[in-house]
Amino acid sequence: MAKEVGYLVCRQGRVYLKQNETLGEAHSVDVSTRCSRGEPVALVHTHNVNPHPSQLDLQTAKERKLVVCVDWKGRITCWKVK
Ligand SMILES: [Zn+2]
């Protein structure tokens, strides 16, 4: 099965910067939340099995105060967790 790929998106002013992609496992990917420039805003990662964020995805988003985005076959959907 394909492995998940994830990356962090950082914001510097009006510019959004995609950070380097990380290759993970079939059902998970551990992405650094450190920006080369700017502040972290979103964690994007691919899903191979379903388009919805997992409980762990939502928990990570909440803990790190980031938007979590799932790339499902090229279509990216984001969730903001309060
Ligand atoms: Zn996920």
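Good morning. First, a caution: this is a predicted model.

Let's start with the fold. Read along the sequence, the order is β-β-β-β-α-β-β.

Now the overall dimensions. The C-alpha trace spans about 35 × 25 × 20 Å along its principal axes. The radius of gyration is 12 Å, and a compact globule of 82 residues would come out near 12 Å, so the two agree. Of the 82 residues, 22% count as buried.

What about contacts across the sequence? Take contacts between residues at least 6 apart: 46% of them join residues at least 24 apart.

On to the core. Which residues make up the largest nonpolar core? There are twelve: Tyr-7, Leu-8, Cys-10, Val-31, Ala-42, Leu-43, Val-44, Ala-61, Leu-66, Val-68, Cys-69 and Val-70. Strands S1 (5–12), S4 (39–46) and S5 (67–72) each supply at least two residues of this core. As general background, nonpolar side chains in soluble globular proteins tend to be buried together.

Pick out Leu-66, one of the core residues. Set aside its neighbours within four places in sequence. Leu-66 then contacts Thr-33, Pro-40, Val-41, Ala-42, Leu-43 and Ala-61. Ala-42, Leu-43 and Ala-61 also belong to the core.

Last stop, Ser-54. This residue sits in the loop between S4 and helix H1 (55–64). Is Ser-54 buried or partly exposed? Partly exposed, because it has 15 C-beta neighbours inside 10 Å, and buried would take 20 or more. From Ser-54 to Val-15 is 39 residues in sequence and 28 Å in space, C-alpha to C-alpha.

That's the tour. Thank you.

Technical notes: Residues numbered from 1 in each chain as written. Predicted model: local features only at pLDDT ≥ 70, side-chain atom pairs only at ≥ 80, totals over all residues. Core = buried A, V, L, I, M, F, W, Y, C linked by C-beta atoms within 7 Å. Helix = DSSP H or I, 4+ residues; strand = E, 2+ residues; numbered from the N terminus. Contact = placed C-beta atoms within 7 Å. Rg over C-alpha atoms; globule rule 2.2 N^0.38 Å.
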